[in-house]
Amino acid sequence: MAIASTNPATGEVVKTFDAHTEAEVDLAIAAAVVAHEAVRDWDFDQRAKHMHKLGDLIEAEVDSLAEIMTLEMGKTLAQAKGEVLKCAKCCHFYADHAAEMLADEIVETDAAKSYRAYLPLGVVLAVMPWNYPLWQVIRFIAPALMAGNTGLLKHASNVPQCALALQDLVERAGFPEGSFSALLISGSRVEKILRDDRVRAATLTGSEPAGASVAAICGDEIKPTVLELGGSDAFIIMPSADIDEAVKVGVKARTQNNGQSCIAAKRFIIHADIYDAVKAKFVEAFEALIIGDPTDGDTDIGPLVSREARAELDEQVQTALSEGALRVTGCETMHGEGAYYRPGIIENIAKGTQTFYQEFFGPVAMFFKVEDLDAAIELANDSPFGLGSSIWTQDKAEQSTAIKRLEAGGTFVNAMTASDPRLPFGGIKRSGYGRELSSEGIRAFCNVKTVYIA
Ligand code: NAP
């Protein structure tokens, strides 16, 4: 894929970039090693000073950073600003908490003193997607730098300006030169970097094929990985739920970020007693969404990331319909230059069809009717994915059954799945492994060293 900024709202190629040469990549890796040797020796106060600066810079530049995101991938400006501010919060969170998360942990043994020490691994390669072009990267690099690691970023080829802006911010925050370099390269050049002895670990957020490829290479090289992959999250609504709230939040959970979120609610599993009423409310809410220019403050849904992505989504919907699914509302390609798609709902998707097991990476909600909680959980778990999950019920017993039995990296009760720096984030099954955020995220790229002093 060419490295270029293409405005999804107009189809215009705004700026193209030359890929970095092999020599430039080599220099970036060398600089990341040197920077690691410096950051490793900084104490937590010094790291925190620069991490707070990074958070402050991000916050101060919210408007320009949000504009770049909207330009390159089409999310609404309002949501882009929200993402920028969340990045700033994440920086401040790790600046404030890394020291306690990585403090030595004394363990009583036969030694005079023995403890766990959390030490950095070195240079970590991050392969990142375009859908949350700032947030996905910050949630990696903020804990990584606070732990004393340094990073290399292979960002998605359609968000080069976001990648370069992030590198620039880290430099201006005062981290040593080379602490975080954006590599403008294609996915095919990732293997060579992963096999470089100077690179100690990798994290990838993206699709299953990309994750499987990176994990296979790192397996061969015996290097640790964290994988954050796709999802087809269940959103279960039971009769005791606050239906209006569930619908309001459900629409947001399916359509935010123009429907292109790994943790979007994708499968709405609704109890038969309330199915028709819930469906009617969803239809009304979907049909009221304002689709249009992402820079306009009134817009709810901007374009999809590209016309290719829209064609892929539409093909999935057509396959679903040919397999017997029914269109409830929307699900239509819209005319014009931009990659606009009308959000919609399909139902009657039969178990065993292709569609039933797929992730829809766009604003299409799949609706299922079930007779009871057991059936809801069985359906929710009948998926290759296991990222997030959400259940709406006031019944405490139902809540606790769902928490125990839903196969997912997270279960949100009467709330939508969302990431939060204070809580671990990640998936199971084909949604990946390892955790980001919270203490798990910062420890993911640490050497948990056993120290024994006789
Ligand atoms: P993608 O095609 O896998 O791209 C993600 C990144 O991987 C890009 O930088 C891409 O580079 C690179 N890449 C692609 N193939 C590669 C390969 N064989 N080796 C190394 N790198 C490779 O994913 P996407 O379609 O842009 O993103 C959507 C997917 O990401 C969805 O499935 C979504 O659910 C998932 N996602 C998961 C999370 C999570 O936290 N679990 C968060 C966000 C998104 P190029 O752009 O140059 O191809």
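Start with Phe-268: its relative accessible area is 0%, so Phe-268 is buried (under 20% relative accessible area, 1.4 Å probe, protein chains only). Phe-367 counts as buried too, at 1%. Phe-282 is buried at 0%.

A note on the basis. This is a predicted model, where local features need pLDDT of at least 70, side-chain atom pairs count only at pLDDT 80 or more, and totals for chains, interfaces and linings use all residues. Residues are numbered from 1 along each chain as its sequence is written, and side-chain values use heavy atoms, with hydrogens and water left out.

Now the rings. The whole structure has 13 aromatic pairs (rings of Phe, Tyr and the six-membered ring of Trp, centres within 6.5 Å; planes under 30 degrees apart are stacked, over 60 edge-to-face, the rest tilted). Phe-268 and Phe-367 are tilted, because their planes stand at 40°, with centres 5.4 Å apart. Phe-268 is in strand S11, Phe-367 in strand S16, 99 residues apart (strands are DSSP E runs of at least two residues, helices H or I runs of at least four, numbered from the N terminus).

Ring pairs build a cluster, with Tyr-275 and Trp-392 among its members.

Charges next. The charged end of Lys-86 sits over the ring of Trp-135, 4.5 Å from its centre (NZ of Lys or CZ of Arg within 6 Å of the ring centre and within 35 degrees of the ring normal). Arg-47 does likewise over Phe-44, at 5.0 Å.

Methods. Buried means under 20% relative accessible area, exposed over 50%, partly exposed in between (1.4 Å probe, protein chains only).
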